[in-house]
Amino acid sequence: MSCRLTRVARATAIAVYLLVTSDGAAGQTTKIAVGAKPFTESAVLAEVMAQTIEAYTDIVVERRLNLAGTHVCLAALRGGEIDLYAEYTGTGLRDILGDKSERISPGLAFATVAKEFARRFDLEWLAPFGFDNTYVLLMRPQHAAELAVTKVSDLSEHPLRFGVSHEFLSRPDGLPGLRKVYTFQESHTVGMAHDLAYQGLVEGSIDVTDGYSTDAKILRYGLATLADDRHFFPPYEAAPLARRDLAERVPEAYEALRLLAGRIDAAAMRDMNFQVEQKRRAPAAVAADFLGSLGIVADRKVHSERETGVFRLLYQRRWKTLDLASRHLMLAGGAVLAACLIGIPLGIAVSRRPALAKIVLGFASVLQTIPSIALLAFMLPLFGIGVAPALVALFLYGLLPIMRNTVTGLHSIEDRLLDVGRGLGMTDSQILQQVELPLAAPVLMAGVRTATVITVGTATLAAFIGAGGLGDPIVTGLATTDYALVLCGALPAAALAIALDWILGQVERWVTPSGLRE
Amino acid sequence: MIALESVSKTYPGGHQALSDVSLEINDGETLALLGTSGCGKTTTLRLINRLIEASAGRISIGGRDIETLDPIELRRNIGYVVQEAGLFPHMTARLNVETVPRLLGWSPQRRSERSRELFALVGLDFTTLADRYPNQLSGGQRQRVGLARALAADPPVVLMDEPYGALDPITRRQLQTHFLDLKARLKKTMVLVTHDVEEALRLADTVAILVDGHVAEIGTPKGLRATESSLVNTFLRGGDA
């Protein structure tokens, strides 16, 4: 009996293994997907992990960078759309687990997230990379040297002007908490925008500000960082966060990732961020250089330096752009088509019942007021990441203009014509086909046109939830301050919207019955 | 023969549009329903092709209770003309005229032949006007196309609701003359709704004056002109009844 059970279990395990590893069209090659949040460091770490895996295995690594944020990445990971991404222990502890404990050591923070994520989400935290991207207090180096300040507790001796970010000014793990642990003589304290605070510090209008320890601007302005000698700041150690089945599914990838444990210190990470943000290099190239310097990856050119001329870049990316544009069209087109298939019949149905029309159109209007990125986010728990949630969200946006114009078009027809149709012996469906739809067609088409333009625009945001399209270069460019790249997405998207608007304008003229043209 | 027997109509909400109306229209004759707006004349007309249903009473055409007939079939056998013609603006004059033949599934050739006949019948030139859209026709031409559309399948009964109401006096006069000519030739049973006394007296064989949803006076034009009734005289002088 137990023997048979074991055999069944083994057969099932093999079947599951084959299912998981075969992955449709890719055939024999195993694929894994690495995700990243839309900011430089996350993208660089994703590249570091991806290239390490590629260097040691034959696995094809798919990059799904620029997922909208912590919760999108987590949803994608749990849903199996990605296999790993770089996360911070502090984020895991506070934002995901909701832990509010203060003055927690890096080791305890890691142990807590490792245990809780395994229990609650079936996810595994791999060994940290070796840097802690937490808050850090910054000063001008000469000023710090003059006062002989090297650590935060040294500040108690001197009256100083503090200029910190608004967030830092109010967060319990910011200045309010800091004051309980250290003593300061704040001659003057203001909240200001982060970039302006750096500027103010360099120009000497403030003496101390806050930053993140791996922020490229620390390097750019050559600022002095003060050691948190009483360990007040919560630990934000970066580490690969992976699905628990990774080790079994692709043991060689899992092994490769272990090579990165403790290999990236804050200075190295800061330098990589600096290379991307200030030297305008591609994250992939920066990651390759770094891995080469560690000896993990043989020195190989991954990508050339970044192109900064928009037109040169547009030309270089022309095939890529075509590819993205066709995916973009597929997304927007699919959504508008679905919106027509549902919206037009629904519009016709509710136009017969004014009370119902009010409710349905009201509901659709409410949907329309939800900010696009929020609507996309709502789709995640229901549809995961990728094309499906994007299609559903875009469909919902397209629904209102199409439905509203269907109703408006039908209501704008003179009652007398419907009366004549009936009087001549037309059935309801004959009246709809021969009188109502032809006469409502121009208004209806205008709705389809509006829906299309809205959808093409909104579809750029779909990149945030991994659906691809022309939003990809926009989001990547924004995250890595590469404005030429942003334009490589924005210009084709705008051109696409204008072209479709023109084409549908022609269609609108064409469906306008001759007898109604001026 | 069309017969209305004690017909009443109460709209949802309680407004009684017609009470106890009885009328008879002999085959080939024209009845005019005359009255001010809201008197129930259009309601009466629309009861006959069942665009609205009677609340009480019985309506029959050729002895058959219309309640027992399929409303779609019934309407395809009754011509229907409305004020300002009510042409479909997205169809050419010819397509408008061919509406009912198309619904009846006539062959294109038969429809086309019938169109030419009808254009000639209502005094319109087929070659120049058939492919025009309603907004390219004059008011009088539109009304003629509307009449042609009503006559397309050669229905024995034609209902006309203020057909000449929106036309200038000269065009109206021309079309009325044309109507009398057609009436003599086609021998249709017709019901004409109008608020114009002269039109009613000129075109109809029988005139029924409706006041507040009932028949106040009924008679031939000759008889009505001779009557002493103060109501009829008020109408004849053109004042409000």
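**Notebook: charged pairs and chain B**

I looked up A:Arg258 and found that at 53% relative accessibility this residue counts as exposed (buried is under 20% relative accessible area, exposed over 50%, partly exposed in between, with a 1.4 Å probe and protein chains only). I note that this is a predicted model, in which local features need pLDDT of at least 70 and side-chain atom pairs pLDDT 80 or more, while totals for chains, interfaces and linings use all residues. Residues are numbered from 1 along each chain as its sequence is written, chains are lettered from A and ligands numbered from 1 in the order written, and side-chain values use heavy atoms, without hydrogens and water.

**Entry on A:Glu255**

I then followed A:Arg258 to A:Glu255, whose side chain meets that of A:Arg258 in a salt bridge of 3.7 Å, N to O (a Lys or Arg side-chain nitrogen within 4 Å of an Asp or Glu carboxyl oxygen). Both residues lie in helix H12 (residues 251-258) of chain A, three residues apart, which is about one turn of the helix (helices, H or I with at least four residues, and strands, E with at least two, are DSSP runs numbered from the N terminus). A:Glu255 counts as partly exposed, because its relative accessibility is 46%.

**Entry on A:Arg161**

I counted 31 salt bridges over all chains, and one of them joins A:Arg161 to A:Asp207, with the closest N and O atoms 3.0 Å apart. A:Arg161 lies in strand E6 (residues 159-165) of chain A and A:Asp207 in the loop between helix H9 (194-203) and strand E8 (209-212), so this pair ties together parts that are 46 residues apart in sequence. I found A:Arg161 partly exposed at 27% relative accessibility, whereas A:Asp207 is buried at 6%.

**Entry on chain B as a whole**

I found 11 helices and 10 strands in chain B. Of its 241 residues, 54% count as buried, and along its principal axes the C-alpha trace spans about 50 × 40 × 35 Å.
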